[in-house]
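Please walk through this structure one packing arrangement at a time.

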Amino acid sequence: MKIKDGFVLREVMGNYVAVAVGEASKSFRGMIKLNATAADIWNCISQGMDEDGIYDVLFAKYEVDGEKLRADIKATLETLEVNGLLER
Amino acid sequence: MEAFYIKLAELNVKMESKYDHTRRYCSEYIVEAADCEIVATTSDDEIDAELRLYEDPHSREYCEGICLYRSIAEQLPLFDRFVFHGAAVSANGKGYIFTAPSGTGKTTHISLWMKLFGDKVSVINGDKPIVRITESGATVYSSPWAGKEGWSTNSFADIGGICLIRRGERNRIKRISPSEYFDELMHQVYIPKNSEAMLKTLELMDALAKIVPFYLLECDISEDAARTSFEAMVK
């Protein structure tokens with residue numbers, strides 16, 4: 001899986017936003033706000049990680065319950081995909 | 001007609017204008033120059049598209065000016081500046097910007113400041129000032145484009161505060177963290193179509209949020225409201 005070409009993540013005033021640049025900005029104008037976990041997941045995907053890799057990174061960072069974290073990651077990946085930010 | 005140059009937020013801008021109206025509109029800002037940082041251009045198609053946006057009739061001349069300012073706004077972020085929708089005044093030497101969706105009462109609020117605090121207060125720009133970020137801080141500059149009242153004086157001031165206005169039953173003001181008002185604040189910033197300038201605008205807003213204090217004013221339209229904001233921000 002990968003972040004759709006032409007989308008980048010920025011931190012602005014304590015918020016994470018995905019915006020389209022270059023060619024992609026012709027069909028998508030505006031900003032999609034991401035929460036901190038989604039931003040972490042985005043960064044993992046950008047580094048080429050799969051779902052297991054993302055899990056390891058977030059588990060180390062947040063020390064949350066394993067099942068809940070897996071569910072959160074799945075839900076976030078779906079949201080990113082539905083919003084046209086993720087290809088898999 | 002020949003192009004002319006204006007000085008805007010300390011940049012030279014070449015105005016490729018067809019109409020004398022635009023030159024008159026910019027008269028306070030005209031300078032003699034041989035080179036420039038920004039070239040403002042537009043086209044008949046753009047002006048036609050702009051004309052179609054208005055319900056009540058506007059002149060082509062007026063719309064040319066709007067299109068040229070948009071051309072400038074597209075380029076300003078590359079020079080660490082951006083167009084902000086708000087009413088900017090100076091008070092005791094510092095600049096204050098009131099921002100809110102159109103019709104909330106920004107103009108009324110700054111007119112109350114002028115009425116109540118007289119000599120201490122002067123208008124910088126009533127609608128679309130330019131914010132500049134430097135290493136030492138943030139400065140607000142005027143421009144000829146100043147809304148329907150045309151309140152603008154060719155001036156600038158270091159920003160002392162930025163205040164979101166909301167209508168409320170009581171007059172009260174508080175310091176806010178801009179991160180919690182992200183959507184409202186970003187709506188008041190000109191976001192360029194050009195990707196490089198758009199990303200730069202995000203950086204500049206992020207920097208601005210770290211440099212200047214932000215406030216939320218809930219108010220009615222009264223002198224008490226103006227005293228509330230003045231005492232909190234200026235004194």
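Helix H6 (residues 195-211) of chain B lies across S2 and S3 of chain A, and runs at about 15 degrees to S2(A). Helices (H or I, at least four residues) and strands (E, at least two) are DSSP runs, numbered from the N terminus. Angles run from 0 to 180 degrees between N-to-C directions, and axes are lines fitted to C-alpha atoms, for helices over the stretch in contact. Two residues are in contact if their C-beta atoms, placed from the backbone, lie within 7 Å. The model is predicted: local features need pLDDT of at least 70 and side-chain atom pairs count only at pLDDT 80 or more, while totals for chains, interfaces and linings use all residues. Residues are numbered from 1 along each chain as its sequence is written, and chains are lettered from A and ligands numbered from 1 in the order in which they are written.

The contact between the chains takes nine residues from chain A and ten residues from chain B. On the side of chain A that touches chain B, the elements giving two or more residues are strand S2 (7-12) and strand S3 (15-20) of chain A. That side of chain A has four nonpolar, four polar and one charged residues. Here Ala, Val, Leu, Ile, Met, Phe, Trp, Tyr, Cys and Pro count as nonpolar, Asp, Glu, Lys and Arg as charged, and the others, Gly among them, as polar.

In chain A, three strands form an open sheet in the order S2-S3-S4, with antiparallel pairing. S2 and strand S4 (31-34) of chain A stand at the edges with a single partner strand each, so one side of each is left without a neighbour in the sheet. On average, neighbouring strands of this sheet are turned by 30 degrees against each other, direction ignored. Two strands pair if DSSP finds at least two bridges between them. S3(A) and S4(A) pair in the antiparallel sense over four bridges, and A:Ala18 has A:Ile32 in S4(A) as its bridge partner.

H2(A) lies across S2, S3 and S4 of chain A, at about 105 degrees to S4(A). The axes of helix H2 (residues 36-46) and helix H3 (residues 51-62) of chain A come within 10 Å and cross at roughly 135 degrees. H2(A) and H3(A) are therefore oblique to each other; angles under 35 degrees count as roughly parallel, over 145 as roughly antiparallel, 65 to 115 as roughly perpendicular and the rest as oblique. The crossing of H2(A) and H3(A) is right-handed. A crossing is right-handed if the near helix is turned clockwise from the far one by less than a right angle, and left-handed if anticlockwise.

Which residues of H2(A) and H3(A) meet? A:Asp40, A:Ile41 and A:Cys44 in H2(A) meet A:Gly53, A:Ile54, A:Val57, A:Leu58 and A:Lys61 in H3(A). The residues of this contact divide into five nonpolar, one polar and two charged. After H3(A) comes A:Glu63, whose phi is positive, near 50 degrees.

Chain B has an open sheet of four strands in the order S3-S1-S2-S4, with mixed pairing. Strand S3 (30-31) and strand S4 (38-40) of chain B stand at the edges, each with a single partner strand, so one side of each is left without a neighbour in the sheet. Strand S1 (residues 4-8) of chain B pairs with S3(B) in the antiparallel sense over two bridges, and the bridge partner of B:Ile6 in S3(B) is B:Ile30. Helix H3 (residues 60-75) of chain B lies across S1, strand S2 (11-15) and S4 of chain B, running at about 150 degrees to S4(B).

Strand S11 (residues 156-167) of chain B is joined to strand S7 (residues 94-99) of chain B by six bridges, and the two run parallel. S11(B) also pairs with strand S10 (residues 137-141) of chain B, in the antiparallel sense over three bridges. B:Asp158 in S11(B) stands opposite B:Lys94 and opposite B:Thr139. Six bridges join S11(B) to strand S13 (residues 214-219) of chain B, again parallel, with B:Phe214 in S13(B) as the bridge partner of B:Ile162.

Helix H4 (residues 106-117) and helix H7 (residues 223-233) of chain B pack at an angle of about 85 degrees, with their axes 9 Å apart. H4(B) and H7(B) are therefore roughly perpendicular to each other.
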